[in-house]
Amino acid sequence: MNPMHPIGLHPLGDARIVLEQVSAEAVLEELLVTVTLQQHYRNEEAFPIEAVYTFPLPLDAVLLELSFEHAGRDWKGTVRPRADAQAAYEEAVDDGDTAVLLEQVGPGLYTMDVGNLLAGEEARVRLRYLQLLRWQGDTVRFHLPTTIAPRYGDPSAAGLAPHEQPTYTLSDDVRLNLAVTLREPWLQAAFDCPSHAVTITESAGQRLLQLASGPVPMDRDFVLTLRAPQHEESRALVGQDGQGVVVSASFHPRLPGFVRATPRSLQILVDCSGSMTGDSITQARSALGEILPLLRQHDSFNIIAFGSHQTSLFPHPTLAEPEAMAAAWRFIERLDADHGGTELQAALDLAFQGSQRCEGAVGDILLITDGEVWDDGSILEAVTHSGHRVFVVGVGSAVAEPLLAQSAAISGGAVEFVSPLENMSERIVRQFMRMDQPRAEEVAIHWSASALWQAPSRLENFFAGDTMHVFGHFEGNPPETVGLDVRFTDGSRFHDETRCDRTRQSAQSANADDLARIAAFHRLAELLDSDAKDLAVQYQLLTANTAYVLIEQRADAQTPAALPALRVVPHTMPAGWGGLGSSAASERVAPARHIHGASDYAGSEMHSYGPASGSEGVARSMRLGDADFNFDISQSHGPHSLRALLTRLEREVEMQDESPDAPPLDLEFWLEILGAYSLAVLIRIALRAENADGSPRYPLALGFLAAYLESPANIRVEPDTRLMRATLWTDRPEWTELISENLERFSGLPWPNQ
């Protein structure tokens with residue numbers, strides 16, 4: 001696996017950003033949410049284009065409709081076997097027709113292709129999906145992902161073709177407009193919207209939430225958590241499915257309070273890779289600070305900080321006695337996002353090995369990470385065969401939900417997501433409550449009538465307070481009741497039962513068969529590929545084996561003479577990612593809330609595993625004051641890397657030297673880019689980038705940076721400007737003359753604010 005795959009940086013203000021805006025409308029009723037997304041495309045170029053947009057959706061979103069509005073007309077897409085849909089799309093584009101193709105390119109990842117959008121044309125693509133929400137304790141969390149954070153590794157390893165791989169921009173030209181409608185039982189619910197400021201409009205039978213400032217940058221997930229004013233009981237919805245009916249039963253089990261008597265053995269994995277810089281590492285420290293007080297002296301624990309290498313608090317899990325706890329608090333204080341790339345599998349393997357050494361029951365794993373890795377297949381396989389439960393806390397403004405949710409589910413654990421400004425303590429306490437519950441030995445569903453099929457056919461994970469969804473298909477009338485029975489390893493039992501009432505028949509759904517299609521979607525995982533593909537086509541479901549396609553045939557006079565130019569829609573860099581700004585501190589975000597009515601441990605030391613931090617090809621961190629900058633010496637990839645920033649600056653300067661007609665250097669553009677990062681650390685890295693003969697690799701860029709430091713505009717530079725000036729002139733004396741020569745080239749430029 002390539003340690004750091006290149007991250008494309010899309011230039012600011014580029015007219016080729018053809019996606020103008022995304023609009024979303026969500027309706028929450030019961031535990032069903034219906035979301036309609038509209039993507040508005042416009043071609044401002046003088047020739048036909050093909051727009052390609054890879055975007056995220058919730059992992060359990062069930063896509064039910066694709067439509068296309070163009071030239072005053074609407075077209076509706078159909079689901080076909082994936083190869084057939086791709087062939088139809090390519091043929092239509094080759095023939096000069098306008099076509100749309102929507103494919104799932106990975107769990108929670110989709111690619112929209114809009115082919116043959118002619119010069120000056122605009123179009124709107126709409127898709128509709130349904131999602132079943134889940135209780136976690138007394139809260140329900142709805143989130144709408146808007147951007148894909150840069151991930152560690154090679155996206156081709158995850159099956160993404162080159163044109164499907166995300167690129168990034170520092171611009172916020174593409175914006176999101178969002179409205180959320182709350183219906184029963186949420187009309188009197190308290191809510192918390194930590195990601196965005198919203199306004200509230202009350203009307204008969206519903207409550208409307210809208211973004212307070214209008215369309216916002218797509219640089220963070222929209223997050224809404226809801227608390228009903230009273231405990232919500234288990235429920236069952238009934239929907240039509242041909243001549244039969246389908247029942248969706250949602251259980252919200254509660255267990256009497258209990259105290260775990262047996263000791264815990266807990267391995268805590270905390271992500272300290274470069275992507276965690278900023279908000280995420282702050283959240284990780286907060287999580288660890290909530291965890292330690294919950295440990296008892298007879299519990300054993302360990303903390304492993306990981307990235308390209310691992311740093312362990314202890315060589316193996318240790319009793320949570322006062323000396324060990326003091327060492328843990330100091331370990332947390334020193335944690336930083338300075339471990340390079342996200343080598344998650346190696347960290348999990350180390351934790352699995354440590355848990356095998358625990359006496360008594362196999363220990364649990366608590367993972368704190370943003371999950372930003374591409375090679376998730378090997379990670380999921382390792383988790384599957386480990387025999388350990390993995391409890392996950394996903395942190396950040398754009399967490400990689402699929403990997404984290406799947407890791408927890410297949411291991412028998414659970415996942416919690418915490419965006420900046422959300423309550424970390426509540427999430428940690430819930431995870432500990434799950435760990436402490438007696439384990440379920442048998443989980444069974446009992447229908448009062450014989451079901452033709454049930455999905456999932458086998459239930460395994462059970463945690464009190466968490467929703468369990470199950471579907472049943474019946475001929476004729478639905479059953480009167482459905483029950484949940486659980487037997488635990490300690491011999492105790494739990495029973496819950498709810499009625500199936502036709503009067504509560506999926507009233508929210510726009511189409512009468514939506515519930516049946518959701519039920520069919522949940523059957524797919526238990527079928528062979530061929531059967532799953534046939535069922536998906538029958539119910540018009542988008543899966544890994546199917547795709548949506550629609551074709552608008554053009555008149556011969558409108559057919560373009562050449563194939564369209566490819567235009568990949570870039571993603572906005574997530575707020576707080578890699579230290580880029582802060583979602584929590586952003587001035588444009590005022591989160592909305594509505595409330596209804598020690599000494600050293602003797603003999604302990606820091607244990608490091610994996611390659612030494614100085615070895616070739618290993619992602620390393622350079623530290624200057626509070627500024628951390630993770631980079632790979634051999635690869636130099638990333639939107640804030642030498643390749644992406646300094647090389648481009650070199651090219652622009654060289655163009656000016658070679659052609660008198662070249663456009664002037666855009667100082668505002670460059671200062672905006674460099675100002676988004678730690679300029680001081682960027683200089684430090686540049687000074688250490690050498691050619692084979694030892695000469696500086698970026699002398700022009702060094703001259704630019706030096707001139708900026710010497711100019712009156714340096715008020716934008718962090719307080720260590722004096723140190724950086726000294727570094728430029730004394731750190732590598734043999735370069736002084738070369739830097740001075742280039743400094744003269746830039747010293748006369750009209751710097752902003754000068």
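User: Why does Phe301 count as buried?

Analyst: Buried means under 20% relative accessible area, exposed over 50%, and partly exposed in between, with a 1.4 Å probe and protein chains only. Phe301 has 0% relative accessibility, so Phe301 counts as buried. This is a predicted model, in which local features need pLDDT of at least 70 and side-chain atom pairs count only at pLDDT 80 or more, while totals for chains, interfaces and linings use all residues. Residues are numbered from 1 along each chain as its sequence is written, and side-chain values use heavy atoms, with hydrogens and water left out.

User: What makes Phe301 and Phe314 an edge-to-face aromatic pair?

Analyst: Rings of Phe, Tyr and Trp (its six-membered ring) pair if their centres lie within 6.5 Å; planes under 30 degrees apart count as stacked, over 60 as edge-to-face and the rest as tilted. The structure holds nine aromatic pairs. In the pair of Phe301 and Phe314, the centres are 5.8 Å apart and the planes stand at 85°, hence edge-to-face.

User: Why does this pair tie together parts that are 13 residues apart in sequence?

Analyst: Phe301 lies in strand β23 (residues 300-306), and Phe314 in the loop between β24 (310-312) and β25 (318-319), so parts 13 residues apart in sequence are tied together. Helices (H or I, at least four residues) and strands (E, at least two) are DSSP runs, numbered from the N terminus. Phe314 is buried too, at 2% relative accessible area.

User: Why is the pair of Phe391 and Phe463 called edge-to-face?

Analyst: The ring centres of Phe391 and Phe463 are 5.9 Å apart and the planes are at 65°, so the pair is edge-to-face. Phe391 lies in strand β27 (residues 390-395) and Phe463 in the loop between β30 (453-455) and β31 (468-475), so the pair ties together parts 72 residues apart in sequence. Phe391 is buried at 0% relative accessible area, and Phe463 is buried at 8%.

User: What makes the charged end of Arg151 sit over the ring of Trp374?

Analyst: A charge sits over a ring if NZ of Lys or CZ of Arg is within 6 Å of the ring centre and within 35 degrees of the ring normal. The charged end of Arg151 is 4.8 Å from the centre of the Trp374 ring and sits over that ring.

User: How many disulfides does the rule count?

Analyst: A disulfide is a pair of cysteine sulfur atoms within 2.5 Å. By that rule the count is zero. Cys272 is buried at 0% relative accessible area, and Cys500 counts as buried at 10%.
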